[in-house]
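Here is my note on this model. The points follow below.

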Amino acid sequence: MSDSNNMTLNLKIWRQSTTKDKGQIVDYILEGVSPDMSFLEMIDMLNEQLVAKNDDPIAFDHDCREGICGMCSMMINGQAHGPEKATTTCQLHMRSFKDGDTIVIEPWRARAFPVLKDLMVDRSAFDRIIEAGGFVNVNTGNAGDANEILIPKEAADLAMDAAACIGCGACVASCKNASAMLFVSAKISQLALLPQGEVEADQRALSMVEKMDELGFGNCTNEAECEASCPKDISISNIARMNRGFLKAAITSKTK
Amino acid sequence: MSSSTQSISHNYFLSSVVKKQIMAVTGLLLCGFLLGHLAGNTLIIISPDAFNQYGHALVSNKPLLYTAEAGLIVLFLVHLTMAAKLTVENNTARPEKYYIKQKTGRGSTFASSTMPYTGMIILIFLVTHLINFKYGTVYMTTINGVEMRDLYKTVMEFFAQPIGAAWYAFAMVAMAIHVSHGFWSAFHSIGIFHNRYTPLLRKAGIAYAILVGAGFASLALYGYIQGVQA
Ligand code: HEM
Ligand code: SF4
Ligand code: FES
């Protein structure tokens with residue numbers, strides 16, 4: 001890591017003290033940014049300087065910093081988790097940027113994701129959707145022998161792919177309609193594709209979609225910006241699966 | 001999640017998923033109508049008499065005419081109502097806009113992001129279309145001893161004006177853009193996804209869009225050229 005590679009960046013960062021505060025973009029100049037830093041380390045560096053000056057550091061969510069928890073939500077130059085495909089903000093490195101670049105950093109924006117402070121948003125709307133049915137509630141008995149229930153490899157693969165969703169909310173943030181359909185369809189699919197989850201598949205689809213609508217997310221227009229922004233490459237084929245599952249459940253539901 | 005503890009207050013048929021499915025089905029039926037309409041209209045190029053006789057046959061069969069008209073009105077109204085409702089909901093789902101927003105370049109297309117606008121153009125076109133042709137100037141002609149409306153003359157008069165032909169062609173381009181996304185999108189909304197066939201459906205949608213767009217627009221161009229020569 002040679003110092004000559006270090007960059008000076010013009011940062012435009014959304015500052016908002018509370019949910020009710022109006023908020024605004026604030027300009028910062030940050031010098032000596034190494035291309036080897038992660039994006040979050042870059043913000044850490046800025047925050048250290050702010051703290052040293054007795055300024056309020058920039059609030060942002062993060063936890064694992066290894067791309068698995070889904071906390072590090074932010075819009076970077078108008079793209080969820082920044083410009084790289086299938087990459088969370090914590091896994092994005094400053095080598096994706098050039099010396100002298102202007103970088104705009106904003107929180108996710110959606111009615112269902114109110115801003116708490118600066119770049120932090122409240123994503124508990126996702127928890128409400130999971131609570132509405134994103135689990136298996138039937139008694140499956142004691143743990144059986146391995147491979148006692150045979151699952152086709154294809155179904156297992158599709159379920160695993162859907163289960164890769166880390167609930168980060170980038171799909172909602174990048175969608176022009178702030179639709180949560182990619183997240184919800186992944187959570188429905190990961191269970192519906194497996195025998196234990198299939199039992200409650202109808203009710204699950206109905207309840208989770210109902211909750212999603214109630215929370216004020218938008219409607220899908222099949223643009224696929226969600227899939228393109230998803231750090232886990234969740235496929236919109238899950239949305240099609242949810243659509244047909246929901247329709248089937250709505251026509252054949254035994255409840256009500 | 002047992003049914004006894006779950007209170008279901010919501011009407012499934014007004015859920016986001018089903019509203020999209022209603023759009024999809026009405027949109028696909030309208031796509032079918034466009035094909036039929038285009039096939040009939042190409043008679044303009046074949047001969048004025050053939051076109052007029054076709055038109056006469058359509059309006060002479062009253063039960064068929066009224067059923068078809070009623071069906072089309074319902075399709076349009078339902079498609080439009082759902083479009084308006086979904087679009088309003090989508091706009092309220094993000095009350096605070098981004099300072100900057102950039103597409104990934106890996107997802108949305110021009111067609112997919114302009115559906116409400118191309119839809120609006122189609123709607124305005126539809127009104128002018130009915131005013132200009134169906135409720136336009138009525139000329140009469142006699143073919144093989146049968147008196148009938150000379151719709152050919154009305155249409156050709158309209159296309160002979162540069163503004164008329166240009167507006168028609170412009171609206172047809174907008175419609176082609178609308179269906180180029182709408183076609184495959186409708187299948188996805190209904191729940192059809194296939195690793196092999198979905199990419200084919202996307203191509204088929206574009207082919208369909210070019211066919212109807214270029215088909216209708218070329219009729220306008222044909223009429224314009226005829227007018228210039230006349
Ligand atoms: C001949 C006329 C029309 C045809 C063939 C047509 C076809 C379609 C199709 C196939 C879809 C896709 C549905 C889906 O993705 O599930 C669609 C969506 C849509 N249409 Fe139309 N449409 C027509 C007229 C209109 C009109 C008059 C309007 C509005 C004034 C309109 C507005 C929309 C909107 C807003 C969407 C939603 C886009 C989305 O959710 O992806 N359309 N249309
Ligand atoms: S589907 Fe992708 S973008 Fe959406 S919450 Fe899951 S991991 Fe994040
Ligand atoms: S901090 Fe956990 S995914 Fe980025």
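1. Ligand 2 has 13 residues around it, and the nearest are A:Cys165, A:Cys168, A:Gly169, A:Cys171 and A:Cys230. Near means a heavy atom within 4 Å. Helix H4 (170-174) and helix H5 (181-192) of chain A each give at least two residues to this shell. Helices are DSSP runs (H or I, at least four residues), numbered from the N terminus.

2. This is a predicted model: local features need pLDDT of at least 70, side-chain atom pairs count only at pLDDT 80 or more, and totals for chains, interfaces and linings use all residues. Residues are numbered from 1 along each chain as its sequence is written, chains are lettered from A and ligands numbered from 1 in the order in which they are written, and side-chain values use heavy atoms, with hydrogens and water left out.

3. B:His79 sits in helix H4 (residues 62-92) of chain B and B:His178 in helix H8 (residues 162-190) of chain B, 99 residues apart.

4. B:His79 is buried at 17% relative accessibility. B:His178 is buried too, at 13%. Buried means under 20% relative accessible area (1.4 Å probe, protein chains only).

5. A:Ser237 lies in helix H9 (residues 237-252) of chain A. A:Ser237 is buried at 11%. Beyond neighbours within four places in sequence, A:Ser237 contacts B:His188 and B:Phe193; contact means heavy atoms within 4.5 Å.

Methods:
Buried means under 20% relative accessible area, exposed over 50%, partly exposed in between (1.4 Å probe, protein chains only).
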